[in-house]
Amino acid sequence: MARAALGLLGARALALLVIASVALLPLVSSDDGYKHCEGVVRGWAASSTGRDKDGDKLSLKDLLFFLHIPRTGGRTYFHCFLKKLYTNAQECPRSYDKLRFDPSHPDCKLVVTHDDYSLTSKLPRERTSVVTILRNPVDRVFSTYEFSVEVAARFLVHANLTSAKSMTTRVLTKSRAVSTLDIWPWKYLVPWMREDLFARRGARVDKMHSSKKVNAYDVEDMVMPLHEYINDPVAHEIIHNGATFQITGLTNNSYFNGAHEVRHCVRQHPDLGHIVLEVAKNRLDQMLYVGLTEDHEESARLFAHMVGAQVLSQSGTLNLDLKEDLPSENDPHPSMVEPEEEERNEHLMTVGKLMEAYETCIARLRNSQSNRRKISLKKVAEANFSKEARKLVPEAILKQIISLNSLDMELYDHAKKIFTQEHLMLKAQQTVVGPHRQLAEQNGWTDIICSDGICSPWMVVMLGLGIAAIIALLSFAVTTRRTSKLKV
């Protein structure tokens, strides 16, 4: 069956599953139900605790797993950092495509995906480092809603929903690339929003544009309002506390068969959530790097030094594409297909050059994303999403989002503490290597053997041998000259 149709059916089935799971609960006392759930959650937690503590967490291992929590800015890291650090051959094939992902590929050194932590069961755990980025949960919910509308609205160029599905099927059948409709969680959220947009199409056509300032998140004649979106069973299943469930491997996309039961128990008995939360905190503690969307500049700098520097150190000579790997503006279906892989040129790279390439890339990427959003939302013009528009959302809805994401709120606070520790560690490291870097700036020849305060041992040896050879040649020349003078 066509992937688009499967996505729509999946969204409907998901909602029915949530409702049915509540309606068909065994008729037992609340105490028995609580004890059962407590056993399920504690049993899962016990099996998940301890096995993540393996070796030095700050050292990059053979495989880097970027656990991409949706709407945290992970796409910019993928295109503007990781594609500069790893070659096409080193990217694990079809990382975002769960059905076709193959981590057993011999050259696989990088996995970037929306899959949750349970993916590590398919990876060589002892040889895998995990990194992630967290975002303020309220902003993440806003962004998830906005992106759901944005992508779904791109289908409004079609006369009706049937035509949109048909065209999508034809395009995706011919394309080898991964579609947004293949990727969790968008394979559920986009078809759900797309169906709703077409259902409201008649009201949108009849509605005249108003000059009155409106709440862009509550234009029900055009788009599903935010308050309706956050209270839908699909949102409860996928969006709320999504970061916590993704880091613990308990999403509806999990490789762990018991994920649904654990998740259901936590929703039925919220006080059991602290057990899941502790596992999530422990997972963050064991990660190589934890970034924050809100502190973008410092997060990028930390990533370049904590992750990028190690990749550069391990790779020696790096294949780097200094041209930004951005989606083509001429792509007829940019919302549905990831950009094709391109060959890279070989360049010697340093952390400083990596940051320069990153800044150039992210500026262009943001501009491209902004232009695409404007084009996508033309059909739903009054849904003019922005940071300013968010200020018009009633306080009651903001409080409800906070309440629905209480686990994520606490996990985000924990991530901020880790982030502060990372900053202090980098500052301490730079205090140590600072004198070495200053010497390198004063003596240009040291740039050959040292990069950002890190000197390559074999280059030091080669330099020593070179100096010894020069001294030997000079001695030989002097001796020869003296001998020739004696003969005369």
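1. A charge sits over a ring if NZ of Lys or CZ of Arg is within 6 Å of the ring centre and within 35 degrees of the ring normal. In this predicted model, Arg-194 meets that rule: Arg-194 lies over the face of Phe-155, at 4.7 Å from the ring centre. Arg-194 is also one of the buried residues of helix α6.

2. Overall make-up. The protein chain holds 18 helices and eight strands. It has 488 residues, of which 48% count as buried. The accessible surface of the chain comes to about 24300 Å², and carbon and sulfur atoms account for 57% of that surface. Taking contacts between residues at least 6 apart in sequence, 81% join residues at least 24 apart.

3. Helix α6. This helix covers residues 186-199. Its 14 residues should span 20 Å at 1.5 Å a residue, and the C-alpha atoms at its ends are 19 Å apart, which agrees. Of the 14 residues, 11 are buried, so α6 is largely enclosed by the rest of the structure. An α-helix has 3.6 residues a turn, so residues three or four places apart point the same way.

4. The peptide bond that joins Trp-184 and Pro-185 is cis, with omega at about 0°. Pro-185 belongs to the loop between α5 (161-174) and α6. As background, most peptide bonds are trans.

5. Strand β3. Residues 128-134 form this strand, and seven of the seven are buried, so β3 is largely enclosed by the rest of the structure. Its side chains point two ways: Thr-128, Val-130, Thr-132 and Leu-134 go one way, Ser-129, Val-131 and Ile-133 go the other, and all are buried.

6. Neighbours of β3. Strand β1 (residues 63-67) runs parallel to β3 and is joined to it by five bridges. In this pairing, Leu-64 stands opposite Ser-129. Strand β4 (residues 289-292) also pairs with β3 in the parallel sense, over four bridges. Here Ile-133 has Gly-291 of β4 as its bridge partner.

7. Aromatic pairs around Tyr-145. The model has 14 aromatic pairs. In one of them, the ring centres of Tyr-145 and Tyr-229 are 5.0 Å apart and the planes are at 70°, so the pair is edge-to-face; the cut-off for that class is over 60 degrees. Tyr-145 is in helix α4 (residues 137-153) and Tyr-229 in helix α8 (residues 226-231), so this pair links distant parts of the chain, 84 residues apart. Tyr-145 is buried at 1% relative accessible area, and Tyr-229 is buried at 0%.

8. Phe-385 lies in the loop between α14 (351-376) and α15 (387-390), so its pair with Tyr-145 of α4 ties together parts that are 240 residues apart in sequence. Phe-385 is buried, with a relative accessible area of 5%.

9. An aromatic cluster. Ring pairs link six residues into a cluster: Phe-66, Tyr-77, Phe-81, Tyr-289, Phe-303 and Tyr-358.

10. Backbone points to check. Most residues other than glycine have a negative phi. Arg-71 has a positive phi, near 65°. The residue lies in the loop between β1 and α3 (74-85). Arg-71 is partly exposed, with a relative accessible area of 24%. Asn-241 is not a glycine either, yet its phi is positive, at about 55°. Asn-241 is in the loop between α9 (233-238) and α10 (242-248), and it counts as buried because its relative accessibility is 9%, where buried means under 20%.

How values were computed:
Residues numbered from 1 in each chain as written. Predicted model: local features only at pLDDT ≥ 70, side-chain atom pairs only at ≥ 80, totals over all residues. Heavy atoms only, no water. Phe/Tyr/Trp six-rings, centres within 6.5 Å; stacked < 30°, edge-to-face > 60°. Helix = DSSP H or I, 4+ residues; strand = E, 2+ residues; numbered from the N terminus. Buried < 20%, exposed > 50% of the residue type's maximum accessible area, 1.4 Å probe, protein only. Pairing = 2+ DSSP bridges. Contact = heavy atoms within 4.5 Å. Areas by Shrake-Rupley, 256 points an atom, 1.4 Å probe, with all protein chains shown as cover. Expected span 1.5 Å × (residues − 1).
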